[in-house]
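Keep the sequence and the 3D view open while reading.

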Amino acid sequence: MQKYNIPCARSASFSEYTKAEEYIRQQTPPIVIKADGLAAGKGVIVADSIRQALDALAGIMQSKIVGSAGDRVLVEEYLSGREMSAFAFTDAHAVVPMVPACDYKRVYDGDQGPNTGGMGSYSPPPFYNPALAKAVMKNIMSPAVSAMHEEGRPYKGVLYGGLMITNNGPKVLEFNARFGDPEAQVTLPRLKTDLVDIMLAIDNNELDKTKIEWSEDACVGVVMASGGYPGSYRTGFPIAGLNEVDKDILVFHAGTKMGAAGEVLTSGGRVLTVVATGRTIAEARDKVYANISKINFEGCHYRKDIADIKGS
Ligand SMILES: Nc1ncnc2c1ncn2[C@@H]1O[C@H](COP(=O)(O)OP(=O)(O)O)[C@@H](O)[C@H]1O
Ligand SMILES: [Mg+2]
């Protein structure tokens, strides 16, 4: 990102503990410590004090709490602002924006408790507007796709930009090479064009010739999880009420399986995502919560504050 001037947090990377420690001591908190490898979502610590930053560093580099993913560490400037997930389709030449979304990582209401794979999401973000859309494409998504080309690693598919919308414009926290989960559940229902046509166009390098249309509707998705998730949980419980939901409600199965008699049983931590669309976020949110209460299984829990964006 630095090489191609893609806006991101200022950072320094270290493979030596003492050098990282020395650098951290010169910073003003908050400061972000990142293991420079895949760490199953446990490699990033936003530290509010130097003490906490040094503890995080010791955990990653000395105690190796995320294994070899912690051989290198990034120490990053803390970016404040609003977080948003941006997406684009690309055939390595054309870059076409998808609609963006906001997701919820913490298990409990008010962003409390441990991180999860994602407890809910909504689209569009209330602060998203044409100027922001343009900046995201012009400064981030398009340059990233050209950069990968220039580096001899052209990328085709869905590019996911995890962004912080700061007072100085959108900046990148991370890129992923996929749709988001649970963001896909609230962006793809807004897609009016057939996704298969888009995928084929990407494969045939014809994305520039494909018209991609999105609905103006808002979409809200809430994840129903097993009791105890993201810690240990039990599975195999029957799920009641799946046929009780309104016709226009989408229920995406993730951690489910079919029992011997054809009944649906829980089989994972995140069990279902229940999704509603509406003219506004508030309407979609009311619909999703009116319907989610019809579905039940033993120990089931879900956040009650997804897309509760009053005042945003
Ligand atoms: N530079 C930063 N400034 C502020 N918050 C950050 C920064 N980097 C990461 N974060 C926070 O930490 C979370 C996880 O970081 P991310 O880079 O997305 O890693 P992961 O691979 O675990 O998703 C982000 O969603 C964001 O809330
Ligand atoms: Mg992330």
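## Helix α3: the ends

Asparagine 129 caps the N-terminal end of α3. A side-chain oxygen of asparagine 129 lies 3.1 Å from the backbone nitrogen of alanine 131. A polar contact is a pair of N or O atoms within 3.5 Å; within protein, one must be able to donate a hydrogen and the other to accept it, and residues adjacent in sequence count only if both atoms are side-chain atoms. Glycine 152 follows α3, and its phi is positive, near 80°.

The model is predicted: local features need pLDDT of at least 70, side-chain atom pairs count only at pLDDT 80 or more, and totals for chains, interfaces and linings use all residues. Residues are numbered from 1 along each chain as its sequence is written, chains are lettered from A and ligands numbered from 1 in the order written, and side-chain values use heavy atoms, with hydrogens and water left out.

Helix α3 covers residues 130-150, 21 residues in total. Helices (H or I, at least four residues) and strands (E, at least two) are DSSP runs, numbered from the N terminus. From first C-alpha to last, α3 reaches 28 Å, close to the 30 Å expected at 1.5 Å a residue. That expected span is 1.5 Å times one less than the number of residues. At methionine 137, α3 bends by about 40°. The bend is the angle between axes fitted to the seven residues ending at a residue and the seven starting there.

Which residues of α3 are buried? They are Leu132, Ala133, Ala135, Val136, Met137, Ile140, Met141, Pro143, Ala144, Val145 and Ala147. Buried means under 20% relative accessible area, exposed over 50%, partly exposed in between (1.4 Å probe, protein chains only). An α-helix has 3.6 residues a turn, so residues three or four places apart point the same way. Contact here means heavy atoms within 4.5 Å.

## Two residues and their distances

Alanine 131 lies in α3. Alanine 131 is exposed because its relative accessible area is 57%. Glutamine 62 is 69 residues from alanine 131 in sequence and 45 Å from it in space, C-alpha to C-alpha.

Tyrosine 4 sits in the segment before β1. At 23% relative accessibility, tyrosine 4 is partly exposed. Beyond residues up to four places away in sequence, tyrosine 4 touches Ala147, Glu150 and Glu151. Tyrosine 4 and asparagine 139 are 135 residues apart along the chain, yet their C-alpha atoms are separated by 10.0 Å.

## Threonine 166

Threonine 166 belongs to strand β9. Its relative accessibility is 14%, so threonine 166 counts as buried. A polar atom of its side chain lies 2.7 Å from the backbone oxygen of glycine 169. Leaving out residues up to four places away in sequence, threonine 166 touches Leu79, Ser80 and Lys171.

## Backbone exceptions

Most residues other than glycine have a negative phi, and most peptide bonds are trans. The bond from serine 123 to proline 124 is cis, with omega near 0°. Proline 124 lies in the loop between β8 (112-123) and α3. The bond from tyrosine 229 to proline 230 is also cis, with omega near 10°. Proline 230 is in the loop between β11 (218-225) and β12 (250-253).

Asparagine 5 has a positive phi, near 55°. Asparagine 5 precedes β1 (11-14) and counts as exposed at 68% relative accessibility. Aspartate 111 has a positive phi near 55°. Aspartate 111 lies in the loop between β7 (102-108) and β8. With a relative accessible area of 40%, aspartate 111 is partly exposed.

## Ligand 1

How many residues surround ligand 1? There are 14, and the closest are Glu76, Glu77, Leu79, Glu83 and Glu174. A residue is near a molecule or strand if one of its heavy atoms lies within 4 Å of it. At least two shell residues come from each of β2 (31-35), β3 (44-47), β4 (73-77) and β10.

A polar side-chain atom of lysine 34 lies 3.0 Å from an oxygen atom of ligand 1. A backbone N or O atom of leucine 79 is 2.8 Å from a ligand nitrogen. A side-chain N or O atom of glutamate 83 is 2.5 Å from a ligand oxygen. Taken alone, ligand 1 exposes 550 Å², and the protein buries 75% of that. Accessible areas come from the Shrake-Rupley method with a 1.4 Å probe; for residues, only the protein chains shown count as cover.
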